[in-house]
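Visitor: Could you take me through one part of this structure up close, strand by strand? I'd like to know what sits where and what touches what.

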Amino acid sequence: VQLQASGGGLVQAGGSLRLSCVASRRIPSINFMGWYRQAPGTQRELVALIRADGRSNYAESVKGRFTISSDNAKNSVYLQMNSLKFEDTAVYYCNVYSADATGSGRDYWGRGTLVTVSS
C-alpha cells in the first residue's frame, strides 16, 4: 500500500491550503489517520489525528486553524489549513495506522508534500 500526499505549495501568510492523502488500495482495520510535519533541523511532529470513530486531536499550535477529515470508504485523509503562518512551513506527511484483532499494528507513511508559507 502506498500513500500519495498532495496539495502542498507556496502560500502567503494568512492564506489556505488543503492537503490530501489517498491510499493506493484499501487498508483494513484503520485505527487512525493523521498528518505530521517536519521543518528543517527539527523532529517530525504530530499535527492532527483522526480516529476511526471520528474523534480528532490537534497540536496546540494549529488548533482553530487546521481541520482534519477523512473518507474511510476512499482510504483518504485531508488537512484543511487556514490562517497559515510562516512557522507552518514544513514537509507534511500523512500517516495511517491499522491494527488487526490480535493487536498487530502497521504504520503507513506518505512521501510528504512541502508547504512553504511566505511571511
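Guide: Let's start with Ser-20, which lies in strand S3, residues 17–23. Strands here are DSSP runs of E, at least two residues long, numbered from the N terminus. A word on the ground rules: this is a predicted model, where local features need pLDDT of at least 70, side-chain atom pairs count only at pLDDT 80 or more, and totals for chains, interfaces and linings use all residues. Residues are numbered from 1 along each chain as its sequence is written, and side-chain values use heavy atoms, with hydrogens and water left out.

Ser-20 counts as buried because its relative accessibility is 17%; buried means under 20% relative accessible area, with a 1.4 Å probe and protein chains only. Skipping neighbours within four places in sequence, Ser-20 is in contact with Gln-4, Ala-5, Ser-6, Trp-35, Val-77 and Tyr-78, contact being heavy atoms within 4.5 Å.

Now the sheet. Four strands form an open, antiparallel sheet in the order S1-S3-S8-S7. S1 and S7 are the edge strands, each pairing on one side only. Two strands pair if DSSP finds at least two bridges between them. S1 and S3 run antiparallel and are joined by four bridges, with Leu-3 standing opposite Ala-23 in S3. The hairpin of S7 and S8 has four residues between the strands, and Asn-75 takes a positive phi near 50 degrees in it.

The S-S torsion is about 55 degrees, so the disulfide is right-handed.

Finally, the core. A nonpolar core is a set of buried Ala, Val, Leu, Ile, Met, Phe, Trp, Tyr and Cys residues joined through side-chain atoms within 4.5 Å. The largest one has 29 residues, of which Trp-35, Leu-79, Met-81 and Tyr-92 touch the most other members. Elements giving two or more residues to this core include S3, strand S8 (76–81) and strand S9 (90–99). Beyond its sequence neighbours within four places, Tyr-92 is in contact with residues including Leu-19, Trp-35, Leu-79 and Met-81.

Methods. Buried means under 20% relative accessible area, exposed over 50%, partly exposed in between (1.4 Å probe, protein chains only). A disulfide is a pair of cysteine sulfur atoms within 2.5 Å.
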